[in-house]
Every structure is written in structure tokens, then in C-alpha cells.
Amino acid sequence: MGMILFIGIAVVSFIVQWRFKSRFEHYSQEPLSSGMSGKEIAEKMLHDNGIFDVQVISTEGQLTDHYNPADKTVNLSAGVYSGRSIASAAVAAHECGHAVQHARAYSWLQFRSAVVPIVSVASRLTSWVLMIGVILYFSQGMPLLLMIGVGALAITTLFSFITLPVEFDASNRALAWLDANKGVIHSRQEHDGAKNALWWAAMTYVVAALASLATLLYYASILFGGRRD
């Protein structure tokens, strides 16, 4: 049963990732009628929200876009930073949505940021501790290491679910701002394209959270299901 669940989630994850990348690629080829670049859109959204201490910079890679609350930077991949497409507008506005969350002290973002150090440690431990823990549990009946691994996995799973409201809220802020700024997005088609791109991006986080939960339940079932000698 557990293997069927893992395979099912893996298939769904593959489909969602493929769909997201294909949608992103599609909307990257759809030019904005306003002709604004991702950088220009990001700076305008920040300024419209009264945020003047956040810098918009270009970063290497593709789909590496993120907001860094530590140094207050909106980091846009090169294609988004200089791009003048629907995808660039959606991504730039979404990352600025995180900057707005930070400026407004959005509770879920604050909670997420607070647990990052703990999650960082837990994520480094999880794989090896679980593997060795399972071996010790079945070979010698020692559950302690497996318990630690399940606990660490529970922390990373919690983090993946905390991330969901943060990501959905950032997209909602982005779409609301884009909808209110007709100078950025001129048509319903452009708005719907941005909404569709952000929806598929959000789905990748949903699938990741469900996959983490399924993994947690699997190892928890081993730990609490008892050994079968």
C-alpha cells in the first residue's frame, strides 16, 4: 500500500512539474502589451506598496527567483529580470508579494522564517538517520534513531505545509496588484495567463507537501506498527 502511494504521488509530482514548466515556457513567449520588464514591474510594485528599502537584483539560473528577507532583496532569474512577458510579470510580482508580506509582518511568513534554522538542521539529518534507524530497528530492535529520524522528518513536513499559505498569499497579493494596475497588464488574457502560471507554481508546493507527508506516514507506520519477527 505504501509503495502504491509513493508511486502515485511521484506520478502526480511529475505531471505537475511538467505542466508548470510548460506553462511557464508558454507564457515566457507571450509578450506584455505594456512592454515592461520584470525588474521594472518589481520596482513599481514595491514602490506602490511604500517599500523603498528592497533592492531588485538579477540572479543566475532558471526558476531561481526568490525574496531574501535577510538582506531585503528580490532576486529574479536573468530571464525574468530582463524579460517582458506574462511569465516575467507574474514571477516578479509574486516575489514582491513576499517583500510586501515581510513589510506588513505577515504572520505565516514570520513563523516560517523563525523555523528555518531548525528545518535546516533537520533536513540535513533526515535521510541518513532514517536509513540507519530502520536498519537498527529491524536488526537489533533499537528504535531511538528511527524515532529521531521520524521527528526530523515531521519538522520538515510541517515546514512544507507552513510554506503553502505563504506562497498562496504572495500570489494573491501579486494578482490583486496586477489587476489594479492596468498600466502593467492591459488585458484579461494577460491577467488570466499570469494567474494560470502562478497557480501551477503553487501546485508544485502542494505536491511537495503531500509527498513529504506520505513519507512521514510511511516511516511512522514502521516505527509505531511494531516489528514483525
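Predicted model: local features only at pLDDT ≥ 70, side-chain atom pairs only at ≥ 80, totals over all residues.
Strand β3 (residues 73-77) pairs with β1 in the parallel sense over five bridges, and threonine 59 has serine 77 in β3 as its bridge partner. The pairing of β2 with β3 is antiparallel and runs over three bridges. β2 and β3 form a hairpin, with four residues between them. Lysine 72, in the turn of this hairpin, has a positive phi of about 55°.

Is β3 enclosed or open to the outside? Five of the five residues of β3 are buried, so the strand is largely enclosed by the rest of the structure. The cover extends to both faces of β3: Thr73, Asn75 and Ser77 are buried on one side, and Val74 and Leu76 are buried on the other.

**Helices α2 and α4**

Helix α2 (residues 38-48) and helix α4 (residues 86-103) have axes that come within 9 Å and cross at roughly 30°. The crossing of α2 past α4 is right-handed. From α2, the contact involves Gly38, Ile41, Ala42, Met45 and Leu46; from α4, it involves Ser88, Ala89, Ala92, Ala93, Cys96, Gly97, Ala99 and Val100. Sorted by class, the contact of α2 with α4 has ten nonpolar residues, three polar residues and no charged residues.

Histidine 98 counts as buried because its relative accessibility is 7%, under the 20% cut-off. Its side chain makes a polar contact of 2.9 Å with the side chain of glutamine 101. Leaving aside neighbours within four places in sequence, histidine 98 is in contact with Tyr67, Leu109, Val166, Glu167 and Ala170.

Glutamate 190 is located in helix α7 (residues 188-225). With a relative accessible area of 6%, glutamate 190 is buried. A polar atom of the glutamate 190 side chain lies 2.9 Å from the backbone nitrogen of histidine 186. Not counting residues up to four places away in sequence, glutamate 190 touches Pro31, Leu32, Ser33, Ile86 and Ile185.

| Side chain | Partner | Distance |
|---|---|---|
| Histidine 98 | Glutamine 101, side chain | 2.9 Å |

**The whole protein**

The secondary structure comes to seven helices and three strands. From the N terminus on, the order of elements is α-α-β-β-β-α-α-α-α-α. Taken along the principal axes, the C-alpha atoms fill a box of roughly 70 × 35 × 25 Å. The protein has 229 residues, of which 43% count as buried. Of the contacts between residues at least 6 apart in sequence, 71% join residues at least 24 apart.

Key
Residues numbered from 1 in each chain as written. Heavy atoms only, no water. Axes fitted to C-alpha atoms, helices over the stretch in contact; angles between N-to-C directions. Helix = DSSP H or I, 4+ residues; strand = E, 2+ residues; numbered from the N terminus. Left-handed = near helix turned anticlockwise from the far one by under 90°. Contact = heavy atoms within 4.5 Å. Nonpolar A, V, L, I, M, F, W, Y, C, P; charged D, E, K, R; others polar. Pairing = 2+ DSSP bridges. Buried < 20%, exposed > 50% of the residue type's maximum accessible area, 1.4 Å probe, protein only. Polar contact = N/O pair within 3.5 Å; in protein donor to acceptor, adjacent residues only side chain to side chain.
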